[in-house]
Amino acid sequence: MGLLTFSLNVTLDGCVDHQEGIADDETHAFFTRLLDEGGAMLWGRVTYEMMEGYWPAVARGDEEVSPALREWAVKLEAKPKYVVSSTRKDFQWANSHHIAGDLREGVQKLKDATPAGVLLGSGKLATELDRLDLIDEYKLLVQPMIAGHGPTLYQGGLPGTRRLELISAEPLHDGVVAMHYRRAR
């Protein structure tokens, strides 16, 4: 069984708005390494739609971007992508698959079938999966800023405190810190 790893940019005040944070070559290289290590991506519908609206064009070369962003896009294009949605069933982006029905069962099956692990990149979905006790690790890029607005991490709350074990903390440039935590069980 593979691990389910939640990874996202987050500001010091917990904001997970994709427009907040440093999105440069170093941070994209960080996420590309995570993508290389994992066997699949997992998103909610909103995140999927945001991603499918831009990254396929970058992978095709339709957008002028740095080599680091192009590498991310090409690898993302090839990676299996799983989407949790109750409102959308058709996903045209290459290698995209729908997870329908019982959330716990669907995600557990995905973990069981993906020994290299699954990378989760949706904040709202992370809250639901954490409530179901399905997230194993957290690899967050902590941004050196206070956004002062939402959406925020775990905005919907959890039934209890999650104890985590620090695996590593790696400072990047500009004050960004890559944090790796594992669930303390």
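## Packing of α1 against α4

Helices α1 and α4 are roughly parallel to each other, a term for angles under 35 degrees. The model is predicted: local features need pLDDT of at least 70 and side-chain atom pairs pLDDT 80 or more, whereas totals for chains, interfaces and linings use all residues. Residues are numbered from 1 along each chain as its sequence is written, and side-chain values use heavy atoms, with hydrogens and water left out.

The axes of α1 (residues 25-37) and α4 (residues 67-78) come within 9 Å and cross at roughly 25 degrees. Here axes are lines fitted to C-alpha atoms over the stretch in contact, with angles from 0 to 180 degrees between N-to-C directions. Helices (H or I, at least four residues) and strands (E, at least two) are DSSP runs numbered from the N terminus. The crossing of α1 past α4 is left-handed, the near helix being turned anticlockwise from the far one by less than a right angle.

On the α1 side, Asp25, His28, Phe31, Thr32, Leu35 and Asp36 meet Ala68, Leu69, Glu71, Trp72, Lys75 and Leu76 of α4; contact means heavy atoms within 4.5 Å. By class, this contact has six nonpolar, two polar and four charged residues. Ala, Val, Leu, Ile, Met, Phe, Trp, Tyr, Cys and Pro count as nonpolar, Asp, Glu, Lys and Arg as charged, and the others, Gly among them, as polar.

## The largest pocket

The largest pocket has a volume of about 1,300 Å³. A pocket is an open set of points on a 1 Å grid where a 1.4 Å probe fits, with protein on both sides within 12 Å along at least five of seven lines; lining residues have an atom within 4 Å of a point. The volume is the space filled by probe spheres set on the points.

Of the 45 lining residues, Leu8, Thr47, Met50, Gly121 and Ser122 are the closest to the centre of the pocket. Elements that each supply at least two lining residues include β1 (4-11), β2 (40-44) and α2 (45-52); α6 gives the largest share, six residues. The lining divides into 21 nonpolar, 18 polar and six charged residues.

## Backbone exceptions

Most residues other than glycine have a negative phi, and most peptide bonds are trans. Asp133, in the loop between α6 and β6, has a positive phi of about 60 degrees. A cis peptide bond joins Gly150 and Pro151, with omega about 5 degrees; Pro151 lies in the loop between β6 (137-143) and β7 (164-171).

Definitions and conventions
Angles under 35 degrees count as roughly parallel, over 145 as roughly antiparallel, 65 to 115 as roughly perpendicular and the rest as oblique.
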